[in-house]
Amino acid sequence: MNDKIFDYCLRIGDSSLILSHRIGEYCSKAPILEEDLAITNVGLDLLGQAESFLNYAAELKGNTTADELTFKRKEKDFRCLHLVQTPNIDFAFILTRQFLIDCYHQTLFNQLINSQDERISGISKKAIKEINYHLKRSTEWILRLGLGTDHSNQRLQNAVNELWMYTDELFIDNETDIKMDKLNIGPLSSSLKNPWEQLVTSTLRSASIEVPEANLYSLQYGKNGFHTEYLGYILAEMQHLPLLYPDASW
Amino acid sequence: MSDEDQGILWEVFIQVKAGRPFKHVGSLHAYDKEMAMKAARDLYTRRNEGNGIWIVKAENIISSDINDGESFFDPSNDKIYRHPTFYKIPDGVKHI
C-alpha cells in the first residue's frame with residue numbers, strides 16, 4: 001500500500017517540481033517586471049508544494065530525503081505529467097500551461113483536502129489557498145489575452161491548440177489511481193475530467209478562444225514513468241550541480 | 001502596443017491591520033485594475049506586510065508643486081501659536 005501512496009506523492013510532487021523549474025527558467029524574461037515577480041511567486045508556491053509531497057514520499061520510502069529524490073533520481077523514476085514538461089515557447093504558452101494546470105490542481109486538491117491520509121489532506125489544505133489564487137491570476141490573463149487584440153487572441157489560441165494534446169493524461173487512471181480511490185486517499189483521475197472541462201471551457205469561451213476537441217493522443221504517460229523528450233534536458237540542468245559535487249553545501 | 005508600453009502607473013497603499021491607516025508603499029505598472037491588484041499583492045504583501053490594499057491611478061492623485069514649497073509651507077514655521085504645545089495633557093490620554 002505504501003508503494004502506491006509513494007507513487008501518488010511522486011506524481012503530484014514531481015509535477016509541481018518540474019513546473020516550478022520551468023517557471024524558474026523564465027525568471028527575468030517576462031514582458032514586464034511586475035509579471036516577472038508574479039509568475040516566479042507562483043513558481044515558489046509550487047516548489048513549496050513539491051517539497052511537502054516529496055518529504056512525505058521520502059518518509060514513506062525510508063532512508064532517503066526530498067533532496068535526494070529530486071537530485072539523484074533517474075528520469076524513468078519521475079512521475080510528472082507531460083504537460084508540465086513542455087517548454088516556455090512564449091508568454092501565451094506559459095500562461096496557457098499554467099491555466100490548464102491551475103484548473104487541474106483546483107479540481108484535484110478540492111478532493112485531496114478530504115483525503116483519508118491525514119498527511120495528504122494537511123498539505124492540500126495549505127496548498128488549496130495558493131492554488132485558488134493561481135487560478136484567479138491565470139484566468140484573468142486568459143481573458144486579457146483572449147479579448148485583447150486579434151494578435152493576442154491568435155497567439156493564445158495557438159498555445160491552447162498546441163498544449164491540448166497533453167491534457168488527456170490528466171484524466172487517465174492507472175493502478176495507483178485505482179488504489180488511491182479504493183483507500184479514499186485520492187480521487188480517480190477520470191472523475192476530475194468533467195469539473196475540469198467545465199472550468200476550462202467556460203473561461204476559454206468567455207475569452208473568445210475555441211476549445212479543441214478532446215482526443216486520446218498519447219499511449220505513454222509521465223505518471224507511468226514514460227516522458228517527453230524535454231524531461232531529460234530539464235533534469236540534466238536541474239541535477240547537474242549535485243551530481244558533480246555530491247556533498248556541496250552553502 | 002510597443003515593447004516599452006508597461007501599462008498605467010498605479011500607487012499602492014497598504015494597511016497593516018484593520019483600523020490602522022493605509023500607508024503608501026510604492027508604485028507599479030499594470031494594464032487594468034485586476035492586474036494592478038494582483039501585482040500589488042505579489043510585490044508588496046508577500047511577507048505579512050498587511051492585509052488591506054488600496055490602489056489609485058497615479059494620474060488621479062493631486063499633488064502639491066515642489067517648486068511652490070516656500071509660499072506653501074514656510075509661513076507656518078514661525079507661528080508657534082499654531083502648535084498646541086502649551087497645553088498640559090492629562091495622564092490618561094494616549095496616542096498624542
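This is a predicted model: local features need pLDDT of at least 70, side-chain atom pairs count only at pLDDT 80 or more; totals for chains, interfaces and linings use all residues.
**Figure 1. Length and end of helix α8 in chain A.** Helix α8 of chain A spans residues 193-206, which is 14 residues. From its first C-alpha to its last, α8(A) reaches 20 Å, close to the 20 Å expected at 1.5 Å a residue. Just after α8(A) comes A:Ser208, which takes a positive phi of about 60 degrees.

**Figure 2. Helix α7 in chain A.** Helix α7 of chain A covers residues 175-182, and its buried residues are A:Thr176, A:Asp177 and A:Met180. A:Glu175 and A:Lys182 are exposed and sit on the face of α7(A) turned away from its buried side. The cover over the buried residues of α7(A) includes α1 (2-25) of chain A.

**Figure 3. The largest nonpolar core and A:Ile142.** The largest nonpolar core has 71 residues. Within this core, A:Cys9, A:Phe53, A:Ala57, A:Leu100 and A:Ile142 touch the most other members. Helix α4(A) supplies the largest share of the core, 12 residues. In soluble globular proteins, nonpolar side chains tend to be buried together. Leaving out residues up to four places away in sequence, A:Ile142 touches A:Leu95, A:Phe99, A:Leu156, A:Thr203, A:Leu204 and A:Ala207.

**Figure 4. A:His151 in helix α6 of chain A.** A:His151 lies in helix α6 of chain A, which covers residues 150-163. Is A:His151 buried or exposed? A:His151 counts as exposed because it has 10 C-beta neighbours inside 10 Å, and the cut-off for an exposed residue is 12 or fewer. A:His151 and A:Leu199 are 48 residues apart along the chain, and their C-alpha atoms are separated by 25 Å.

**Figure 5. Chain A as a whole.** Chain A has nine helices and zero strands. From the N terminus on, its elements run α-α-α-α-α-α-α-α-α. The C-alpha atoms of chain A fill a box of roughly 55 × 45 × 35 Å, taken along the principal axes. A compact globule of 250 residues would have a radius of gyration near 18 Å, and the 18 Å of chain A agrees with this. Of the 250 residues in chain A, 44% are buried. Among contacts in chain A between residues at least 6 apart in sequence, 73% join residues at least 24 apart.

**Figure 6. Chain B as a whole.** Two helices and three strands make up the secondary structure of chain B. Along the sequence, these elements follow the pattern β-β-α-β-α. Chain B has a radius of gyration of 20 Å, but a compact globule of 96 residues would have one near 12 Å. Taken along the principal axes, the C-alpha atoms of chain B fill a box of roughly 60 × 35 × 15 Å. Buried residues account for 10% of the 96 residues in chain B. Among contacts in chain B between residues at least 6 apart in sequence, 40% join residues at least 24 apart.

**Figure 7. The contact between chain B and chain A.** Here 12 residues of chain B are in contact with eight residues of chain A. On the side of chain B that touches chain A, β2 (22-30) and α1 (33-44) of chain B each supply at least two residues. The largest share of this side, six residues, comes from α1(B). By class, the side of chain B that touches chain A has six nonpolar, two polar and four charged residues.

Key. Residues are numbered from 1 along each chain as its sequence is written. Chains are lettered from A and ligands numbered from 1 in the order in which they are written. Two residues are in contact if their C-beta atoms, placed from the backbone, lie within 7 Å. Helices (H or I, at least four residues) and strands (E, at least two) are DSSP runs, numbered from the N terminus. Ala, Val, Leu, Ile, Met, Phe, Trp, Tyr, Cys and Pro count as nonpolar, Asp, Glu, Lys and Arg as charged, and the others, Gly among them, as polar. A residue is buried if 20 or more other C-beta atoms lie within 10 Å of its own, exposed if 12 or fewer, and partly exposed in between; C-beta atoms are placed from the backbone. The expected span of a helix is 1.5 Å times one less than its number of residues. The radius of gyration is taken over C-alpha atoms; the globule rule is 2.2 Å times the number of residues to the power 0.38. A nonpolar core is a set of buried Ala, Val, Leu, Ile, Met, Phe, Trp, Tyr and Cys residues joined through C-beta atoms within 7 Å.
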